[in-house]
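This briefing sets out selected local features of one protein model, grouped by topic. Please read it alongside the sequence and the structure shown here.

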Amino acid sequence: MELVHSGKVREVYADGDDLILVASDRVSVYDVVLPTPIPDKGRILTQLSLWWFERLADIVPNHVVSAADVPAEWAGRAIRCRRLEMLPVECIARGYLTGLGLQEYRKNGTVSGVALPDGLTEASQLPEPVFTPTTKAAEGHDEFITYDEVASGIGADTADRLRELTLRIYSRGAETAAERGIVIADTKLEFGRAPDGTIVLADEVLTPDSSRFWPADQWRPGQPQNSLDKQFVRDWSSTLADWDRTPPGPRIPDDIVEATRARYVECYERITGESWR
Ligand SMILES: C[C@H](c1ccccc1)n1cc(-c2ncnc(N)c2C#N)cn1
């Protein structure tokens with residue numbers, strides 16, 4: 001099986017006409033992959049994606065061929081998916097302002113060309129979710145692009161469809177999570193085009209790796225929010241005086257690994273209502 005794409009925490013292999021998307025147990029903080037695996041992280045996030053794909057099928061078709069027909073060594077953390085012509089846009093929906101979106105807003109009062117109200121601050125909830133696409137930068141951080149730039153790149157109809165789908169999927173996810181005490185502040189989606197031209201939801205969907213998950217009962221606009229999944233690792237890593245946040249990073253202590261694993265289990269169980277087995 002040929003490796004065709006490698007990301008910080010996932011790989012894509014070619015298998016005949018299909019692809020196999022494999023999620024590892026690696027965790028990345030501050031864009032650095034740490035050397036200590038979080039047991040079951042890959043399985044938990046893969047099963048969460050599958051749960052969302054099923055519940056979003058009324059909104060958009062997806063790329064899943066099979067979650068079972070994958071090599072045994074990757075059982076539970078790999079998805080056989082149909083090969084699509086991926087669209088060159090990171091489709092980001094934001095319901096809250098933070099991260100690079102907040103930085104862009106503070107510079108221009110807009111994000112991806114979308115004007116936002118004055119007076120917003122760290123973790124402000126936006127009046128309504130906004131589509132803030134970025135490019136897929138080969139190196140470094142993705143760049144914000146305007147909706148018009150997306151349209152000039154892939155056509156107005158496709159751009160309109162991506163915006164509509166991104167916002168509908170985010171709203172469905174955010175509403176579902178809010179009922180379970182979780183704020184999904186933003187999410188990144190990727191779409192591809194099937195041979196018949198249909199726009200298909202690909203990649204992973206509404207996971208803590210592709211989205212910001214915050215505990216709703218701790219939401220306090222005006223300050224950085226705790227990440228539901230990664231906060232233990234972030235807090236631990238910020239205590240390290242001698243790590244300059246460059247790879248490979250220090251080994252994560254066992255207690256932080258276990259607490260982080262428990263948070264991924266909690267994300268899965270609270271969102272799906274199912275016990276992690
Ligand atoms: C961004 C993502 C990625 C994942 C994991 C590691 C590095 C990159 N990726 C997805 C495809 C892709 N290509 C064609 N058809 C598809 N159905 C998919 C999917 N999903 C290529 N890359």
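Helices and strands are DSSP runs, numbered from the N terminus, a strand needing at least two residues. R94 has its place in strand β9. The model is a predicted one.

**R94 and its surroundings**

- R94 is buried, because its relative accessible area is 5% and the cut-off for a buried residue is under 20%.
- The side chain of R94 forms a polar contact of 2.8 Å with the side chain of T132.
- Leaving aside residues up to four places away in sequence, R94 touches G101, V111, L126, E128, P129, V130, T132, F144, Y170, A185, D186 and R212.

**Aromatic pairs**

- How many aromatic pairs does the count come to? The count comes to 5 aromatic pairs.
- Y96 and W214 form an edge-to-face aromatic pair, with 5.7 Å from centre to centre and 70° between the planes.
- Y96 belongs to strand β9 (residues 91-97) and W214 to strand β16 (residues 211-215), so this pair ties together parts that lie 118 residues apart in sequence.
- Y96 and W214 are both buried.
- Ring pairs also bring in W219, linking Y96, W214 and W219 into a cluster.

**Arginine charges over tyrosine rings**

- R163 lies over the face of Y147, at 3.6 Å from the ring centre.
- R245 has its charged end over the ring of Y30, 3.8 Å from the centre of that ring.

- A search of the whole structure finds 1 cavity of 30 Å³ or more.
- The largest cavity holds about 140 Å³ of space.
- The lining of the largest cavity consists of 16 residues, of which R10, A23, L45, T46 and E204 are the closest to its centre.
- At least two lining residues of the largest cavity come from each of β3 (18-23) and α1 (41-55).
- Which element gives the most to the lining of the largest cavity? That element is α1, with 5 residues.

- E190 is placed in the loop between β13 (182-189) and β14 (191-193).
- Is E190 buried or exposed? E190 counts as buried, because its relative accessibility is 9% and a buried residue has under 20%.
- A polar contact of 3.0 Å connects the side chain of E190 with that of K188.
- Residues touched by E190, not counting those up to four places away in sequence, are M86, E90, K136, V200, L201, A202 and D203.
- D196 is located in the loop between β14 and β15 (199-201).
- D196 is exposed, because its relative accessible area is 63% and the cut-off for an exposed residue is over 50%.
- The side chain of D196 makes a polar contact of 2.5 Å with the side chain of T198.
- D196 and P133 are separated by 63 residues in sequence and, C-alpha to C-alpha, by 25 Å in space.

**Backbone features**

- The peptide bond that runs from P247 to P248 is cis, with omega near 10°.
- P248 is found in the loop between α5 (231-238) and α6 (254-272).
- R245, described above for its charged end over the ring of Y30, also lies in the loop between α5 and α6.
- Although R245 is not a glycine, its phi is positive, at about 60°.
- L206, a residue other than glycine, has a positive phi near 50°.
- The position of L206 is in the loop between β15 and β16.
- With a relative accessibility of 0%, L206 counts as buried.

Key: Residues numbered from 1 in each chain as written. Predicted model: local features only at pLDDT ≥ 70, side-chain atom pairs only at ≥ 80, totals over all residues. Heavy atoms only, no water. Phe/Tyr/Trp six-rings, centres within 6.5 Å; stacked < 30°, edge-to-face > 60°. Helix = DSSP H or I, 4+ residues; strand = E, 2+ residues; numbered from the N terminus. Buried < 20%, exposed > 50% of the residue type's maximum accessible area, 1.4 Å probe, protein only. Lys NZ or Arg CZ within 6 Å of the ring centre and 35° of its normal. Polar contact = N/O pair within 3.5 Å; in protein donor to acceptor, adjacent residues only side chain to side chain. Contact = heavy atoms within 4.5 Å. 1 Å grid on protein atoms, 1.4 Å probe; cavity = no way out; pocket = protein on both sides within 12 Å on 5 of 7 lines; lining within 4 Å. Points joined across faces, edges and corners; volume = space filled by probe spheres on them.
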